[in-house]
Amino acid sequence: MRRARTGAARGGAPRMPAAGGGRAEAGQRGGPLRQRGSRRLPAGTARPAAPPAAARPAALALVTLLSFASRFHRLPEPPHVCWDETHFGKMGSYYINRTFFFDVHPPLGKMLIGLAGYLSGYDGTFPFQKPGDRYEQHNYMGMRGFCAFLGSCLVPFAYLTVLELSKSLPAALLTAFILIFDTGCITLSQYILLDPILMFFLMGAVLSMVKCNSCADRPFSASWWFWLSLTGVNLAGAMGVKFVGLFVVILVGLNTIYDLWGLLGNLSLSLVVFGKHLLARVLCLILLPLALYMAMFAVHFAVLNKSGPGDGFFSSAFQSQLIGNNLHNVSVPEHLAYGSVVTIKNLRMAGGYLHSHWHLYPEGVGARQQQVTAYLHKDLNNLWIIKKHDSDTADLSDPSSPVEFVRHGDIIRLEHKETSRNLHSHQHEAPLTRKHFQVTGYGINGTGDSNDFWRIEVVGRKAGKLIKVLRSQVRLTHVSTGCILGSSGKTLPKWGWEQVEVTCTPYLKETPNSLWNFEDHINPKLPNISLDVLKPSFAEILLESHMVMIRGNSGLKPKDNEVTSKPWHWPINYQGLRFSGVNETDYRVYLLGNPVIWWLNLVTIGLYLLMAVSTAVTLKRGVQLTSELKELSRVVLRGGGQIMLGWLLHYLPFFMMGRVLYFHHYFPAMLFSSMLTGITWDTLLQFCAGFLSPSTTARKVYGGGFLALILLVMYSFYLFHPLSYGMIGPMASDPSSPMAGLRWMDSWEF
């Protein structure tokens with residue numbers, strides 16, 4: 001056992017090599033020494049011969065060409081807005097026009113779409129109002145072409161990743177053909193969407209991670225630094241497109257922890273060298289992505305410097321930086337006075353402006369009085385007049401009348417300017433929040449009752465102090481009930497126009513929900529001051545934008561007639577999404593995965609788990625393996641394990657999400673399941689071929705199995721390709737339809 005002792009002394013605790021990284025080495029060393037009482041599996045000398053090295057670049061070129069051909073085929077069709085192009089195309093236009101907007105996702109994907117449009121000659125004037133609007137003379141191909149380019153790159157990325165993990169060209173080819181001929185991946189890559197951009201960075205991060213692992217035997221070399229740094233760049237890109245990019249960050253993080261744990265157990269490495277490994281990973285996988293991520297937001301805020309539809313989601317201080325906003329470079333009266341017309345903004349992130357309109361609360365929802373809500377956009381219905389609680393303020397509009405300032409502790413009335421009703425509360429329960437009181441608009445032309453009286457208090461100030469516009473954080477306490485006016489953050493149903501609920505809470509805990517500031521302030525009798533002093537720092541803007549995005553994400557609700565889905569629907573391809581068209585006369589595009597591919601992937605997940613458990617038990621029981629079978633076990637457990645972990649991380653978290661979910665959310669996980677299919681079937685066919693003694697028979701079984709799988713994938717694409725490239729004519733339920741007989745599930749709608 002001298003060889004075993006020497007190896008242990010040389011490396012300390014044994015460290016598992018990167019998957020597939022030791023096949024040639026294992027072949028040179030031969031099988032492990034036979035131990036007493038161990039069992040030996042067949043030698044497997046009839047393993048199919050490996051293809052020549054020259055075949056790999058040719059295969060890469062082939063799959064790349066097919067990928068680009070399949071994604072760019074009929075790219076201009078249909079020449080109208082499809083599905084979420086109405087959102088992301090419009091946001092690309094906002095970047096070209098430098099108009100500020102709000103979205104629940106980080107900015108990188110939309111910035112790149114806008115840049116692609118700008119560089120291809122699109123002028124940012126198309127409105128992207130609704131699906132079906134024709135592009136006419138507007139140049140939309142640059143944006144679609146950019147997304148198709150990134151979607152086309154997914155195939156070579158997956159090919160190279162599987163090739164690195166398994167060292168098997170057939171496994172890599174099978175993975176590539178699965179992604180090339182999947183109708184869902186094609187459809188998702190052909191439109192102005194964030195998904196191909198997200199998956200580009202996601203797959204780039206996985207490929208870079210795997211390549212970096214393969215350089216583990218030459219740390220700190222140029223190639224090692226390149227792949228490690230590129231992993232960090234791709235992590236920043238994935239997070240910069242959508243927050244679900246966090247899942248690949250976790251995957252890379254777990255791989256890094258495993259790697260460092262192995263290095264820590266290698267006693268031949270000094271702690272100084274280990275410290276260098278640790279610092280390199282902190283630099284490339286933490287600091288570099290963070291710097292790039294913050295740089296994306298710096299560019300985002302620098303480009304979008306004009307007022308737009310997203311202003312109301314952000315604080316008054318932030319809005320004062322936007323050109324065209326009513327707070328930009330404006331001077332307003334500094335102190336609040338009776339008779340002033342104001343807007344009142346809740347200090348909760350995306351809390352909205354105090355708002356009312358002519359619509360009443362419906363029957364059964366408190367008192368049937370005028371609705372009071374919080375609205376996230378600028379609107380004339382956000383204007384309120386400050387009045388004394390015991391007198392009218394009409395005489396204060398007289399220029400000769402003296403100015404009387406509002407002070408901390410005063411009792412006031414707030415009259416809605418557009419409807420002349422007073423801000424009112426009573427002990428009826430709020431629409432959504434239990435044990436909170438309803439807030440309404442009440443009275444006629446400012447005449448109401450004592451339930452219209454509110455005590456205004458400034459946080460941290462003493463009685464009698466003046467109230468400053470924008471700077472003072474105020475609390476409005478209802479005099480009759482003692483409750484405090486606040487925004488619950490909950491979205492009202494359609495009868496409330498999906499605006500935010502405003503309540504009066506009897507719980508006196510001080511939170512941003514119950515604090516307000518006065519933003520717009522109109523009073524011609526008062527002198528004005530500049531708002532430049534309110535300019536927030538970049539750190540404050542970055543924090544505020546993330547709080548607003550997180551709240552927006554959690555509050556997403558489905559639109560009318562929109563098809564949502566549940567996570568358990570996705571792997572079985574239960575239901576797709578209409579990208580374009582509904583009727584027989586329409587040009588119809590339907591997002592649905594190639595059912596043969598998706599069900600093959602689903603079966604393979606179960607098959608992989610069975611193989612992984614069997615392999616682990618075999619190794620644990622000390623069964624003697626040949627070098628080739630031992631290498632296959634490494635591919636199954638290490639390479640397949642990494643891909644399986646990626647699938648789990650990109651799929652299981654959706655079961656815990658409270659937001660609305662759609663079918664396209666599964667596609668990042670589908671990339672991992674496709675790679676797992678390539679690795680699993682290659683390993684299974686190699687194992688089966690290893691038990692066949694004549695080499696020709698082994699090659700026939702191995703090659704025939706792969707040929708059957710690839711032909712099955714290609715034929716299924718031939719059947720279902722109209723889903724991606726467009727259908728006109730009868731629906732699939734009509735026997736005369738070219739898709740007749742292919743509606744294998746009743747839930748499919750094509």
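Visitor: Why is Pro 668 called buried?
Guide: Its relative accessible area is 8%. The cut-off for buried is under 20%. Pro 668 falls under that cut-off, so it counts as buried. One caution: this is a predicted model.

Visitor: Where is Pro 668 found, and what does it touch?
Guide: Pro 668 sits in helix 17. Beyond residues up to four places away in sequence, it touches Leu 198, Met 199, Leu 202 and His 650. Pro 668 and Met 199 are 469 residues apart in sequence. In space, their C-alpha atoms are 6.2 Å apart.

Visitor: What makes Leu 198 a buried residue?
Guide: Leu 198 has 3% relative accessibility. Buried means under 20%, so Leu 198 qualifies. It belongs to helix 9. Pro 668 is among the residues it touches, along with Ala 238, Val 241, Lys 242, Val 244 and Gly 245, not counting residues up to four places away in sequence. Leu 198 and Val 241 are 43 residues apart in sequence, yet 5.8 Å apart from C-alpha to C-alpha.

Visitor: Why does Ser 673 count as buried?
Guide: Its relative accessibility is 2%.

Visitor: What makes the link between the side chains of Ser 673 and Asn 601 a polar contact?
Guide: The distance is 3.5 Å. The definition asks for N or O atoms within 3.5 Å, one able to donate a hydrogen and the other to accept it. The pair of side chains is listed as such a contact. A polar atom of the Ser 673 side chain also lies 2.9 Å from the backbone oxygen of Met 670. Leaving out residues up to four places away in sequence, Ser 673 touches Asn 601, Ile 605, Trp 647 and Tyr 666.

Visitor: How do you know that helix 5 has close to its expected span?
Guide: Helix 5 covers residues 108-119, which is 12 residues. The expected span is 1.5 Å times one less than the number of residues. That gives 16 Å, and the reach from first C-alpha to last is 16 Å.

Visitor: What covers the buried residues of helix 5?
Guide: The cover includes helix 4 (85-97), helix 6 (141-166), helix 9 (195-214), helix 10 (222-241) and helix 12 (271-303). Among the buried residues of helix 5 are Leu 108, Met 111, Ile 113 and Ala 116. After the helix comes Gly 121, with a positive phi near 100 degrees.

Visitor: Which residues touch the most other members of the largest nonpolar core?
Guide: Tyr 159 and Phe 579, in a core of 141 residues. The contacts of Tyr 159 include Arg 56, Leu 60, Val 63, Leu 169 and Leu 173, leaving aside neighbours within four places in sequence. A second, separate core has 33 residues, including Ala 374 and Val 439.

Visitor: What share of the protein chain is buried?
Guide: Buried residues are 54% of the 750 in the chain. The chain has 19 helices and 16 strands.

Visitor: How many residues reach a pLDDT of 70 or more, as a percentage?
Guide: The figure is 90%, with a mean of 87 for the protein chain. Over residues 1-46, however, the pLDDT is below 50. Where pLDDT is low, the predicted coordinates should not be read in detail.

Notes:
Residues are numbered from 1 along each chain as its sequence is written. This is a predicted model: local features need pLDDT of at least 70, side-chain atom pairs count only at pLDDT 80 or more; totals for chains, interfaces and linings use all residues. Side-chain values use heavy atoms; hydrogens and water are left out. pLDDT is the predictor's confidence in each residue, from 0 to 100. Contact means heavy atoms within 4.5 Å. A nonpolar core is a set of buried Ala, Val, Leu, Ile, Met, Phe, Trp, Tyr and Cys residues joined through side-chain atoms within 4.5 Å. Buried means under 20% relative accessible area, exposed over 50%, partly exposed in between (1.4 Å probe, protein chains only). Helices (H or I, at least four residues) and strands (E, at least two) are DSSP runs, numbered from the N terminus.
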